[in-house]
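Subject: Handing over a structure, with notes

Dear colleague,

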Amino acid sequence: MQAEQVRVRPASAADLAAVAGILAFYVTNSVATFEEDPPGVPQWQQRLGDLAERKLPFLVAEAGGTVAGYAYASPWRPKPAYRHTVEDSVYLAPGQRGRGLGRLLLDSLLTGCADAGVRQVIAVIADSGDPASVALHRACGFADAGRLNQVGYKHGRWIDTVLLQRGLQPGTTVAG
């Protein structure tokens, strides 16, 4: 993949239909998300606004003029003492895996989180049997933090989640 073919940039309202379509694929066809009904564009507009208000990054990877993936950081928990900890979400459009887009998005997201004053990033990954997301996070410096057994039920089966964590220092740039 050549760097000039892909651009990671802040998400805009114009990207949200594509973002909604990407997640809808995973909601319908996998256990990668515990959503059971795909959020529509209005829900994504609210999320984009909420994250912007909190100065948290919401990014898209654009390849060939289309949204090929997205990543954002959202509050880990609502209690005030958790305000410097976020949970990351990274999703790629079907057919976009294996091109390095996840790494570009996650590296850029971590830089954006550090710039926003985030100190800890938590990844909550459904243990679906596909090691790609865990491998991506480990390659980006995340460490195993635990496992929650049978906490999700979707598509007729119980699913564990794997927790990974990465500490950040204010103002650091994450190398890709």
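The notes below take up the sheet, then the helix packing, and then the aromatic rings.

Please bear in mind that this is a predicted model, in which local features need pLDDT of at least 70 and side-chain atom pairs count only at pLDDT 80 or more, while totals for chains, interfaces and linings use all residues. Residues are numbered from 1 along each chain as its sequence is written, and side-chain values use heavy atoms, with hydrogens and water left out.

The sheet is open and is formed by seven strands in the order β1-β2-β3-β4-β5-β7-β6, with mixed pairing; helices (H or I, at least four residues) and strands (E, at least two) are DSSP runs numbered from the N terminus, and two strands pair if DSSP finds at least two bridges between them. At the edges stand β1 (6–10) and β6 (143–154), each of which has a single partner strand, so one side of each is left without a neighbour in the sheet. From one strand to the next the twist averages 25°. Within this sheet, β4 (residues 85–92) and β5 (residues 120–126) pair in the parallel sense over three bridges, and Thr85 stands opposite Gln120 in β5. Helix α2 packs on the sheet, where it touches β2 (58–63) and β3 (66–75), and its direction makes about 55° with that of β3; contact here means heavy atoms within 4.5 Å.

Helix α2 (residues 41–53) also packs with helix α1 (residues 16–29), at an angle of about 110° and with the axes 9 Å apart; axes are lines fitted to C-alpha atoms, for helices over the stretch in contact, and angles run from 0 to 180 degrees between N-to-C directions. That makes α1 roughly perpendicular to α2 (a term for angles of 65 to 115 degrees, whereas under 35 counts as roughly parallel, over 145 as roughly antiparallel and the rest as oblique). The contact is made by Leu16, Ala17, Val19, Ala20 and Leu23 of α1, together with Val41, Trp44, Gln45 and Leu48 of α2.

Helix α3 (residues 101–115) and helix α4 (residues 132–139) pack at about 50°, with their axes 10 Å apart, which makes α3 oblique to α4.

Finally, the structure holds 10 aromatic pairs, where rings of Phe, Tyr and Trp (its six-membered ring) pair if their centres lie within 6.5 Å, and planes under 30 degrees apart count as stacked, over 60 as edge-to-face and the rest as tilted. Among them, the rings of Phe58 and Tyr70 have centres 6.2 Å apart and planes at 40°, so this pair is tilted.
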